[in-house]
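Please look over the sequence and the three-dimensional structure below before reading on.

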Amino acid sequence: MKRRTPTVAHWGNYTVVSDNGRVLALEPARGDSAPSAIGSGMADAQRDAMRITQPMVREGWLADGPGPANGRRGRDRFVPVSHDRALDLVAAEIERVRNTSGNAAIYASSYGWSSAGRFHHAQSQIHRFMRMAGGYTDSVNSYSVGAMEVILPHVIGGTGMSIWRRCPTYEEIASSGELVVSFGGMARKNTEIEQGGIADHAAPRLQERCRRAGVRFVNVSPVRSDSADDLDADWLPIRPGTDVALMLGLAYEIVASDRHDHDFLARCCVGFEEFAAYLLGRGDGIPKDAAWASGITEIPADRIRSLAEQIATSRTVINVSWSIQRMDHGEQTHWMGVVLSAISGSLGRPGGGFAAGLGITQVGVRRGSHKKAALPQGENPVKSFIPVARIADMLLSPGESFEYNGQSLRYPDIKLVYWAGGNPFHHHQDLHRLVQAWQRPETIIVHEPWWNAHARFADIVFPVATTLEREDFAGGGFDLTISAMHRAVDPPPGVYTDYEVFSGLAARLGFEDRFTEGRDAHAWVRELYERTRTGLAQSVELPPFDEFWERGGVTLPPAPDPTAGSFTLLRQEPETYPLDTQSGKIEITSATIARFGYDDCPGHPTWLEPREWLGAPAGERLPLHLVSNQPSRRLHSQYDNGSYSRGGKVAGREPVLLNPVDAGERGIASGDVVRLWNARGACLAGAVVTDEVRPGVVVLATGAWFDPEEPGAPGSLERHGNPNVLTADVGTSRLAQGSTSGTTLVEAERVDPARAPEPRPFVPPETVDPGPTSAQPPPRGPLLF
Ligand SMILES: Nc1nc2c(c(=O)[nH]1)N[C@H]1C(S)=C(S)[C@@H](COP(=O)(O)OP(=O)(O)OC[C@H]3O[C@@H](n4cnc5c(=O)[nH]c(N)nc54)[C@H](O)[C@@H]3O)O[C@H]1N2
Ligand SMILES: Nc1nc2c(c(=O)[nH]1)N[C@H]1C(S)=C(S)[C@@H](COP(=O)(O)OP(=O)(O)OC[C@H]3O[C@@H](n4cnc5c(=O)[nH]c(N)nc54)[C@H](O)[C@@H]3O)O[C@H]1N2
Ligand SMILES: [Mo]
């Protein structure tokens, strides 16, 4: 009989239709005005050939024991073992490494998006477990906004990401705004996702409302479709990596014609004079005017001047996407965005100001939200950490020192890597370098539902239940709905949840009671919901758990806006409402950063030539800039094996967008197989020729499952279109050390289809027959160990 049960994914809330233990479909939840199709790909992936259904151990690890893998990780066959055997092996290995090398030799930061749900959130689970097991080397910041998170607290105060709750909302823009200038566009696809779920995808209709109210949009991007057609945006097809030069050109034209906001700059900011000297070219003799900016950005100088005029005379939002800070010197884009906004006259006024990510996730839909309880993670007794994107450096160079935000730190010597809920073979740059780094630890443990590269490059793999196979509750960071997640189907026999695996390990390591507190998953969900209910009791009334669970969800009234760091209050009374920066004001020049003495991040926003860009002399570079943006058919690498993502492939590979001029010069037509390459690697992709992309730029979205011809071999051809074999693994600067996937040049060529190797990302690895005793999957035990 068909069952209909509620669930939540990062791409929306859905009803799961299942029949007799099989997921048939995911239907968007009622009330979602613009549901995402991404959910449709979840049904068929659930029990596909890539599903891992038994714990697996790499053959070489089992034979030789822990130790560096010398190229065998990613290449060896796997041996299926029983769940108990896998738990025994992992518990003993944690114990061994703790005793011989100390807990700092364990890296369990486990970066990644995992799945929606407050209780089964994989990072909360692994951190809680490993902290109770004595701790681990952790990471700080994110791949998403690594540079922004470190620079903005110096410039405008707040926590790294609080700017998302200090931006103008769409409703304010519709009623008081006139112009939205978006550096990095506002691609609709990027509104489909919100960490923790979205009951209503409101951003598209709110953007349209702004347009209907007469707001003009400017899409500064190498890609026209980074702004939806219904916004009629002006397209400024900028040369990638040059947004800071364009912002400087705009600022120059405003300041040189004396239309800058003298009052705000004097009362609410520090360091304008020093910055203005640079802008006007007083020190270096180079005025950063429209003509100068045009030479760098390839936007005509007249167009820059007229946009400067519009900005100075309209209520304007300067919106800076996150993509343009995942680049060499990525700190500069957001710093300069704030400065341009402070100069413009719109900062701190209704419907105008600075935004970082309007058009991404639910930023701009609202600012306030209700706090939901999370699984307590406890304190990490180990204090060593890395900026998250420096993982390969850490594994390759133990003991080496590096700079980060004014500190001099050292990389720990990692022996054991433990990961649940992320995919570094999707998210990290220069994957061939990561493959080398990945051989060095003694043991790598991974929890994954599917045989993606992350699982294939591990020593011990715990197959885990998917989000549709467990109970939870969820609510997105900007969402007003808290939803029940019912178990739609059971996991395959012998497959457990992350929680059950960690509970089993905790039992072996002697802290099961502390870890579980005597609760099974259902009891924890009830507990966390009740903590949420109690926590919110002052402001809203939530129904008791049983009623909530039965109803499937509850929608709360809007929450008040946070006032901390408000630019409106700053403009009104800067002495009463200071920012929590060094000076209490906006730091156009930062004495703190200047004191760090970093030449790659000086004391005020500065145009610094990128490592790789189209403006470098032609003979010294590759001719095409690679944009590896977020995919429209999935979240990162998740459900790439599902039908919806696979439906978007071209010639069985990830599509690469090329301009007709670049395609013509290379004899490439839509549907062809294209080889993209540079000194770091090469991959094959399927051509889509389109004038949506400016000449000199190719677009290959991130997230195709890594499919090297010879896994583990240096520089092996990637057959499926994973752009991270091409990107460079270098930090944004010594300040933030963020990832820089956006700073990548490549060349492209047509490949004879008869000679192009078949992609095999969705073929499981070879396993060894372990013999009759352990081949049997164990019967499914009780939920709690
Ligand atoms: N070139 C390039 N690289 C990029 C980017 C880019 O724009 N260009 N973007 C970067 C950005 S912004 C980000 S945020 C990162 C994202 O990088 P990740 O967050 O690491 O990517 P995901 O594909 O979401 O990986 C989640 C993994 O967790 C697994 N999973 C899901 N639910 C569960 C669960 O409950 N338990 C367990 N154990 N596993 C689960 C999924 O199967 C999947 O393998 O990528 C970064 N990398
Ligand atoms: N559908 C979908 N939505 C998502 C995600 C997903 O995986 N799928 N991921 C989510 C996550 S984790 C994050 S962090 C956000 C990321 O949000 P962003 O980082 O903003 O998203 P991207 O798609 O990487 O980039 C946005 C656009 O910037 C443009 N761009 C690239 N280089 C330049 C440049 O040098 N200058 C200018 N002006 N523009 C440039 C590209 O054309 C690109 O389409 O998106 C979130 N939304
Ligand atoms: Mo992200």
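What distance separates the centres of domain 1 and domain 3, taken over C-alpha atoms? The two centres lie 29 Å apart, and the contact, meaning heavy atoms within 4.5 Å, takes 34 residues from domain 1 and 33 residues from domain 3. This is a predicted model, in which local features need pLDDT of at least 70 and side-chain atom pairs count only at pLDDT 80 or more, while totals for chains, interfaces and linings use all residues. Residues are numbered from 1 along each chain as its sequence is written, chains are lettered from A and ligands numbered from 1 in the order in which they are written, and side-chain values use heavy atoms, with hydrogens and water left out.

The protein chain is divided into domain 1 (49–138 + 380–555), domain 2 (168–361 + 573–596) and domain 3 (618–755), with bounds that come from an automatic or database domain assignment. The size of an interface is often given as the accessible area lost when the parts come together. Between domain 1 and domain 3 about 2700 Å² is buried, 56% of it on carbon and sulfur atoms, where buried area is the accessible area (1.4 Å probe) that two parts lose on being put together, summed over both. On the side of domain 1, His-426, Gln-429 and His-432 supply 26% of the area that this domain buries against domain 3, more than any other three residues.

Across this interface of domain 1 and domain 3 there are 2 salt bridges, each defined as a side-chain nitrogen of Lys or Arg within 4 Å of a carboxyl oxygen of Asp or Glu. Elsewhere in the description of side chains, Arg-433 and Asp-729 meet in a salt bridge with an N to O distance of 2.6 Å.

Turning to the ligands, 30 residues surround ligand 1 (a heavy atom within 4 Å), and the closest are Ser-115, His-427, Glu-448, Ser-637 and Asn-724. A polar side-chain atom of Gln-630 lies 3.2 Å from an oxygen atom of ligand 1, and the protein covers 97% of the 930 Å² of accessible area that ligand 1 has on its own, by the Shrake-Rupley method with a 1.4 Å probe.

Ligand 2 is surrounded by 30 residues, of which Lys-189, Asp-226, Gly-241, Asp-243 and Arg-326 are the closest. The shell around ligand 2 draws at least three residues from each of domain 2 and domain 3. A backbone N or O atom of Gly-241 is 2.7 Å from an oxygen atom of ligand 2.

Conventions. A polar contact is a pair of N or O atoms within 3.5 Å; within protein, one must be able to donate a hydrogen and the other to accept it, and residues adjacent in sequence count only if both atoms are side-chain atoms.
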